[in-house]
Amino acid sequence: TKAVVGHTKALAKDLLHGLQNLQTDYKIALLHYSPTADTLVGEPKEIYPFLGSYLLAEAIDNGRAHVAFHGHAHRGVEHGRTAGGVPV
């Protein structure tokens, strides 16, 4: 829905801002929602849009995170990657 998309865009913007402002050797993104469908395999496909978003992956990639971890998916798989290759 439109509200979910708006909320996700705001989360992604905040994530990107936070990652860009870190002055550390390693950047770790810790999320509730999944940034990639890779880790949602095993969940019902019809609920994927409510479990995460590629917008979060874009923020992780553009914010130059080294790794990302997320919760929320209960039947998903342990490993995935963003489009930019960041391990999730």
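Colleague: Let's start with Thr 8. Which element is its place in?
Modeller: Thr 8 has its place in helix α1. This is a predicted model, by the way.

Colleague: Is Thr 8 buried or exposed, and why?
Modeller: Thr 8 is buried, because its relative accessible area is 12% and the cut-off for buried is under 20%.

Colleague: How far apart are the C-alpha atoms of Thr 8 and Phe 50?
Modeller: They are separated by 9.9 Å, and the two residues are 42 apart along the chain.

Colleague: OK, confidence. What's the mean pLDDT of the protein?
Modeller: The mean is 94, and 99% of the residues reach 70 or more.

Colleague: Where is confidence lowest, and where is it highest?
Modeller: Confidence is lowest in helix α2, residues 48–51, at a mean of 90. Helix α3, residues 54–62, has the highest, at 98.

Colleague: Switching to the strands. In which sense do β1 and β2 pair?
Modeller: Parallel, over four bridges, with β2 covering residues 67–70. Within that pairing, Leu 31 stands opposite His 70 of β2.

Colleague: And which residues are on the covered and uncovered faces of β1?
Modeller: β1 runs over residues 28–31; Ala 29 and Leu 31 make up the covered face, while Ile 28 and Leu 30 are on the uncovered one.

Colleague: What do Ile 28 and Leu 30 form on the surface?
Modeller: Together with Phe 69 they form a nonpolar patch, with about 360 Å² of accessible area between the three.

Colleague: Where does Phe 69 have its place?
Modeller: Phe 69 is in strand β2. At 46% relative accessibility, Phe 69 counts as partly exposed, because that value falls between the 20% and 50% cut-offs.

Colleague: How far is the C-alpha of Phe 69 from that of Pro 35?
Modeller: The separation is 9.0 Å, for residues 34 apart along the chain.

Colleague: Now the inside. How many residues are in the largest nonpolar core, and which touch the most other members?
Modeller: There are 13 residues, and the ones touching the most other members are Ala 12, Leu 15, Ala 29, Ile 60, Ala 65 and Ala 68. At least two residues of this core come from each of α1 (2–20), β1 and α3.

Colleague: Which one gives the most?
Modeller: That's α3, with four residues in this core.

Colleague: Backbone next. What's phi doing at Arg 64?
Modeller: Phi of Arg 64 is near 60 degrees, a positive value in a residue other than glycine. Arg 64 lies in the loop between α3 and β2, and it is exposed, with a relative accessible area of 66%.

Colleague: What about phi of His 72?
Modeller: Positive as well, near 75 degrees, and again His 72 is a residue other than glycine. His 72 is found in the segment after β2 and counts as partly exposed at 25% relative accessibility.

Colleague: Last one: where does Gly 84 lie?
Modeller: Gly 84 is in the segment after β2. Gly 84 is exposed, with a relative accessible area of 57%.

Colleague: And how far apart are the C-alpha atoms of Gly 84 and Glu 58?
Modeller: They are separated by 8.0 Å, with the residues 26 apart along the chain.

Notes
Residues are numbered from 1 along each chain as its sequence is written. This is a predicted model: local features need pLDDT of at least 70, side-chain atom pairs count only at pLDDT 80 or more; totals for chains, interfaces and linings use all residues. Side-chain values use heavy atoms; hydrogens and water are left out. Buried means under 20% relative accessible area, exposed over 50%, partly exposed in between (1.4 Å probe, protein chains only). Two strands pair if DSSP finds at least two bridges between them. pLDDT is the predictor's confidence in each residue, from 0 to 100. Patches are made of residues with over 30% relative accessible area and no salt bridge: like charges are joined within 9 Å, nonpolar side chains (Val, Leu, Ile, Met, Phe, Trp, Tyr) within 5 Å. Accessible areas come from the Shrake-Rupley method with a 1.4 Å probe; for residues, only the protein chains shown count as cover. A salt bridge is a side-chain nitrogen of Lys or Arg within 4 Å of a carboxyl oxygen of Asp or Glu. A nonpolar core is a set of buried Ala, Val, Leu, Ile, Met, Phe, Trp, Tyr and Cys residues joined through side-chain atoms within 4.5 Å.
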